[in-house]
Amino acid sequence: MQHFRSNIFNPVSATKADFLADHVLSFDGEKIHSIIPFRDFTGAWEDYRQYIMLPGLIDLHVHLSQYRIRGLYEPDLLPWLKRNVFPEEMRSSEPSFARRLSQDFYRALLKFGTTFSVIYTAPYRQAAEIAFEVAREMGIRAKIGMTMMDMNAPEGLLQSTDYALKHSIELSEIWDNPFLGYIFTPRFAPSCSEALMRETGKYAAKHHSFIQTHLSENLDEIAWVKEIFGRSSYTKVYADFGILGPRTILGHAIHLSETELDLLKNSGSAIAHCPDSNFYLKSGEYPLNLISDKGIPFALGSDVGAGTTLNMLYHAKQMNFRQSTSPVLPPQMLYHITLGSAKILGLQDRIGSLNADKDADFILLKPPQGFDIGGHSLSQICFMSEDFEISRVFVQGQDMTVKS
Ligand SMILES: [Zn+2]
């Protein structure tokens, strides 16, 4: 059993985070045994009194295959895909490249304190398999999917409908653990045929599998979807083809009508909100209040490579900054990179906050010199995370700290 004496911020809801000053978190193997005030504790302990502890962070939407093209600028989704993303994703067809990329990517996730993530890989079975294998070797926990595209993709990335379906299903049968498991990953409606989406939706519903895709990110994209499928809206395409449901995570969801919001709400689908990416590509402002008022669950994704960093505390700040009129408060910022994300994944009994019997997934932040640790500190962590060093990272009680 290990005992860490520190100061803990623990998310409770979108409006509340507890501050536990001078507490001892005890963990035994993979699980948290107890969290108690130091004054009630007896025995030996490790001293992290000058640190702040948070639950491990969660990234709900990230592209492994785009990790190396962060910051290559092109301020519009469709030209950016063509110019930067597609040529880069082709490089993952080479196994040695895919392996090295996976290693670098996971190491960077850990460096930023991300202990669970939901990942898109390039549209090659082997690249997805390598992503899983390297994750297992490194102790990474994630949902991972091979991006599917059976139309409107350049040669070299274009899959046949059979290839996309068959390999996705096989991978989902092999990788079926909720903590290192498959997520069906149609890239977005313009690159997926009706048949592919229908079969994916049917299979995923039958097997209670997760699905991730992108929705209504960019106005040209939306016009293109209308042209291809002729439905009344982008959301209606997914609704008609069986993509929506309580285990579906939709990236972006920026430009939505009231009818679309109702479709999303009634289906139980969740949104991965990616504010950094949305402003990088000038896609638009996320209708946070409309979506909150409607009661549609959402949490934050880095959307690397359109997102510029894997640092989820930075994305929490962007969630605030990318609302032009409504303030987003620190407890909400923390919630959407921890417990709120865990709930969308159905993993809230294990991860997302720190409680006895949950997994010992936590990070220790070292504040800047002369910093006063107190209940006010959450705000500073959320708005000036670059001044805090992520000193230690634990996943299931294992020290996963990246030594630089
Ligand atoms: Zn994305």
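How many Å separate the centres of domain 1 and domain 2? Colour the two domains to get started: domain 1 takes in 2-55 + 353-399, and domain 2 is 57-310. Taken over C-alpha atoms, their centres are 32 Å apart. Keep in mind as you go that this is a predicted model.

**Stop one: where the domains touch**

Now look at the contacts between the two. Six residues of domain 1 meet eight residues of domain 2. On the domain 1 side, select strand 15, residues 389-395; with three residues, this strand gives the most to the side that touches domain 2. That side of domain 1 is made up of four nonpolar residues, one polar and one charged.

**Stop two: the largest core**

Next, pick out Leu25, Met53, Ala131, Ile144, Ala316, Leu334 and Leu365. These have the most contacts inside the largest nonpolar core, which holds 117 residues. Why does the core lie between the domains? Domain 1 and domain 2 both give residues to it, so the core lies between them.

**Stop three: zoom in on Met53**

Centre the view on Met53 and show what surrounds it. Skipping neighbours within four places in sequence, Met53 is in contact with Ser6, Asn7 and Ile8, with Leu25 and Tyr48, and with Phe362 and Leu364.

**Last stop: another core**

Finally, select Ile69, Leu81, Val85 and Leu281. They are among the eight residues of another core, which lies apart from the largest one.

Notes
Residues numbered from 1 in each chain as written. Predicted model: local features only at pLDDT ≥ 70, side-chain atom pairs only at ≥ 80, totals over all residues. Domains from an automatic or database assignment. Contact = placed C-beta atoms within 7 Å. Helix = DSSP H or I, 4+ residues; strand = E, 2+ residues; numbered from the N terminus. Nonpolar A, V, L, I, M, F, W, Y, C, P; charged D, E, K, R; others polar. Core = buried A, V, L, I, M, F, W, Y, C linked by C-beta atoms within 7 Å. Buried ≥ 20, exposed ≤ 12 C-beta atoms within 10 Å, placed from the backbone.
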